[in-house]
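Hi,

Here is the structure I promised to pass on. Have a look at it first, and then read my notes below.

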Amino acid sequence: MKPETASFELDRRDFLKAALACSAVAAGAIAGFPGIVRGAEPFKLPPLPYPENALEPYISSRTLSFHYGKHHQAYVNNTDRLVGGTDMAGMSLEEVVKKAVDLKNTALFNNAAQAWNHAFYWKGMKPQGGGKPEGRLMESLASAFGGFEGFKNAITEAATGQFGSGWAWLVLDGNSLKVTNTLNADTPLAHGQKPLLTIDVWEHAYYLDYQNRRGDYVKAFLDHLVNWDFVSKNLG
């Protein structure tokens, strides 16, 4: 299966389509992920669901310290700075992503989408995760990809085949499960799709632990880290 690749280099027509799509996605809840809401307070870095060393030996505490404490923090800080003093100050992060698409504001989109993508990524992992899902999710993956191994092959191809920085995703597109990938900060939220799971394939997600061996990182993610309960709840 050849993964789809999306870019935020959208023309005017794509921006309008994406903005409408975001409205539809906003109605679909993501389990345990109500969104980061600024309200009267600044956007803040949400806490990790586990200690920084909890994913070792597959992702080190050193990687988590930089990835979460530096990169994710910077996206949150930049988003808060960019929306401060505007009519977006009281919006949720999802709404800010949509507004950035509508305004064709690349800087805001890149930071808000990355803040959202990272918060979602952390929730898709857990200590002693991986293995196989059960119940409806397993049946749905088998139906969509010809078996669980078919799904693993598809998302592995999407993650390892992503040229440069980006993300591999399992999404619900209408009533269909699909594997896709996005470039840089792009997110399924801007394309009318409901994210169920993501693998971050920016180098800062794995380079300290795996150097150029992205495939080893993806295999460790799938075999030992996936939080299938989170994915199942997102599927509904």
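Predicted model: local features only at pLDDT ≥ 70, side-chain atom pairs only at ≥ 80, totals over all residues.

Let's start with helix 3, which covers residues 93-103. Its buried residues are Leu93, Val96, Val97, Ala100 and Val101. Looking down the axis of helix 3, you'll find them within an arc of 140°, so they line one face of the helix. Buried or exposed, what is Ala89? Ala89 counts as buried, because its relative accessibility is 16% and the cut-off is under 20%. Its C-alpha atom is 10.0 Å from that of Thr79, ten residues away along the chain.

Next, helix 4, which runs over residues 106-123 and includes His118. His118 is buried, with 0% relative accessible area. Which residues does His118 touch, once those up to four places away in sequence are set aside? The list is His67, His72, Tyr75, Trp167, Asp200 and His204.

Helix 4 also matters for the aromatic side of things. There are 14 aromatic pairs by the rule used here. One of them joins Tyr68 and Trp122 edge-to-face, at 5.9 Å centre to centre and with 80° between the planes. Tyr68 sits in helix 2 and Trp122 in helix 4, so this pair ties together parts that are 54 residues apart in sequence. Both partners are buried: Tyr68 has a relative accessible area of 11%, and Trp122 is at 2%. They also belong to one aromatic cluster, made up of Tyr68, Trp116, Phe120, Tyr121, Trp122, Trp167, Trp169, Phe221 and Phe230.

On to the nonpolar core. The largest one has 68 residues, and those with the most contacts inside it are Tyr121, Met125, Leu141, Phe151, Leu170, Ile199 and Tyr217. Helix 4 gives the most to this core, with nine residues. If you click on Met125, you'll see it in contact with Tyr50, Leu55, Ile59, Phe221, Leu225 and Asn227, leaving aside neighbours within four places in sequence.

Finally, the strands. Strand 2 (residues 166-173) pairs with strand 4 in the antiparallel sense over six bridges. Strand 2 also pairs with strand 3 (residues 176-183), again antiparallel, over eight bridges. Strands 2 and 3 form a hairpin with two residues between them, and Gly174 in that turn has a positive phi of about 70°.

How many residues of strand 4 (residues 194-200) are buried? Seven of the seven are, so strand 4 is largely enclosed by the rest of the structure. Strand 2 is largely enclosed too, because seven of its eight residues are buried.

Cheers

Terms used:
Residues numbered from 1 in each chain as written. Heavy atoms only, no water. Helix = DSSP H or I, 4+ residues; strand = E, 2+ residues; numbered from the N terminus. Buried < 20%, exposed > 50% of the residue type's maximum accessible area, 1.4 Å probe, protein only. Contact = heavy atoms within 4.5 Å. Arc of directions from axis to C-beta. Pairing = 2+ DSSP bridges. Core = buried A, V, L, I, M, F, W, Y, C linked by side-chain atoms within 4.5 Å. Phe/Tyr/Trp six-rings, centres within 6.5 Å; stacked < 30°, edge-to-face > 60°.
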